[in-house]
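Please keep the sequence and the structure in view while reading.

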Amino acid sequence: MDALTERFEQERPRLRAVAYRMLGSAAEADDAVQEAWLRFHRTDAGEIDNIPAWLTTVVARICLSLLRTRRNHREEPLDGQPEPDDDRRDPGQEAELADTVGLALLVVLDALGPAERVAFVLHDMFAVPFDEIAPVIGKTPAATRQLASRARRRVRGGTPADADLPRRRKVVEAFLAASRGGDFEALLALLDPDVVLHADRFVGPSPAPIELRGVESVRRGAILASERARASELALVDGAPGLLMVREGRLAVVLAFRVDGDRITGIDVIADPERLRELELAVL
């Protein structure tokens with residue numbers, strides 16, 4: 001038993017990384033890895049030719065089942081989902097895992113179908129051959145290759161050839177850095193004097209939509225949202241640079257920007273689940 005435990009613990013970091021990229025939640029990833037340990041414990045290890053491959057397959061199947069269950073309940077509004085128990089959350093570990101993947105990539109992965117996500121993560125991120133992935137998702141190797149290829153195209157998002165894109169990206173990156181750091185002067189330099197911010201009613205805390213006009217109002221709002229900014233990442237939102245705010249690997253809020261020259265003239269803060277589902281998101 002000690003030898004089995006030691007062998008499993010050697011694989012645990014990699015298994016957790018696989019599960020986190022599939023599920024986008026540290027707590028769910030830990031649950032999946034623990035379930036894999038229980039199955040490993042109940043199996044005669046002497047009959048397993050390749051323990052790392054066997055464990056990867058088991059974790060992938062557990063994650064696929066969780067993803068399919070999650071997809072069946074996808075119509076639940078984001079603001080209606082219960083917060084995870086505080087004692088199950090480790091913000092430091094969650095942030096560390098997110099940094100290894102990228103919040104924007106997690107959000108785009110969440111838009112993939114369960115089989116697409118499993119095929120893409122296993123092959124593109126962990127170099128698992130298609131003939132080993134195929135039995136996990138119940139497809140032929142050729143069909144699995146097609147799923148991974150389709151997922152790869154969706155993740156890349158077909159970024160348009162826009163000569164203005166680098167400049168607008170630089171402006172949005174500067175806004176994110178200034179918001180995170182509470183840099184008043186930098187925000188003043190980025191915001192147009194007549195900037196307008198619209199936030200839908202799902203953003204909160206007000207039950208009604210919010211509109212802020214003028215550089216001072218928008219600057220104060222950005223400073224107040226500095227904690228949210230720390231959980232945000234740059235991405236393409238309908239083909240233009242924007243920000244994604246993520247909670248537990250799930251998309252919570254999107255900021256879409258209107259940029260004129262080197263100034264931000266408008267910000268649309270979107271948290272309405274219906275509107276979020278209609279957005280085209282891609283990793284920059």
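Two strands are said to pair if DSSP finds at least two bridges between them, and the helices (H or I, at least four residues) and strands (E, at least two) are themselves DSSP runs, numbered from the N terminus. This is a predicted model, in which local features need pLDDT of at least 70 and side-chain atom pairs count only at pLDDT 80 or more, while totals for chains, interfaces and linings use all residues. Residues are numbered from 1 along each chain as its sequence is written, and side-chain values use heavy atoms, with hydrogens and water left out.

**Overall make-up**

- The secondary structure of the protein chain comes to 13 helices and seven strands.
- Of the 284 residues in the protein chain, 45% are buried, where buried means under 20% relative accessible area, exposed means over 50%, and partly exposed lies in between (1.4 Å probe, protein chains only).
- Among the contacts in the protein chain with a separation of 6 or more, 64% are between residues 24 or more positions apart; a contact here means heavy atoms within 4.5 Å.

**The sheet**

- The seven strands form an open sheet with mixed pairing, in the order E2-E1-E6-E5-E4-E3-E7, and its edge strands are E2 (210–213) and E7, each of which pairs on one side only.
- Strand E1 (residues 191–199) pairs with strand E6 (residues 263–270) in the parallel sense over five bridges; within this pairing, Leu 197 has Ile 267 of E6 as its bridge partner, and Val 196 has Gly 266 of E6.
- E6 also pairs with E5, in the antiparallel sense and over seven bridges, and the bridge partner of Ala 256 in E6 is Asp 268.
- E5 and E6 form a hairpin with two residues between them, and Gly 261 in the turn has a positive phi of about 65 degrees.
- Ser 232 lies in strand E3 and counts as buried because its relative accessibility is 2%; leaving aside residues up to four places away in sequence, Ser 232 touches Leu 103, Leu 176, Arg 180, Leu 244 and Met 245.
- Helix H5 lies across strand E3 (232–237), strand E4 (240–247), strand E5 (250–260) and E7, and runs at about 50 degrees to E3, with axes taken as lines fitted to C-alpha atoms, for helices over the stretch in contact, and angles running from 0 to 180 degrees between N-to-C directions.

**Helix H8**

- The 16 residues of helix H8 (residues 141–156) should span 22 Å at 1.5 Å a residue, and the end C-alpha atoms are 23 Å apart, which agrees; the expected span is 1.5 Å times one less than the number of residues in the helix.
- Which residues of H8 are buried? They are Thr 144, Leu 147, Ala 148, Ala 151 and Val 155, and seen down the axis of H8 they fall within an arc of 95 degrees, so they line one face of the helix; the arc is that of the directions from the helix axis to the C-beta atoms.
- An α-helix has 3.6 residues a turn, so residues three or four places apart point the same way.
- The face of H8 turned away from the buried side carries the exposed residues Ala 142, Arg 145, Gln 146, Arg 153 and Arg 156.
- The buried residues of H8 pack against helix H5 (103–110), helix H6 (114–126), helix H7 (130–137) and strand E7 (281–282).

- The buried residues of H6 include Pro 114, Ala 115, Val 118, Phe 120 and Leu 122.
- The axes of H6 and H8 come within 8 Å and cross at roughly 90 degrees, which makes H6 roughly perpendicular to H8, a label given to angles of 65 to 115 degrees, whereas angles under 35 degrees count as roughly parallel, those over 145 as roughly antiparallel and the rest as oblique.
- Among the residues making this contact are Ala 119, Phe 120 and His 123 of H6, together with Leu 147, Ala 151 and Arg 154 of H8.

**Loop residues with positive phi**

- Most residues other than glycine have a negative phi.
- Ala 127, found in the loop between H6 and H7, has a positive phi near 55 degrees, and at 62% relative accessibility Ala 127 counts as exposed.
- Asp 238, in the loop between E3 and E4, has a positive phi of about 50 degrees although it is not a glycine.
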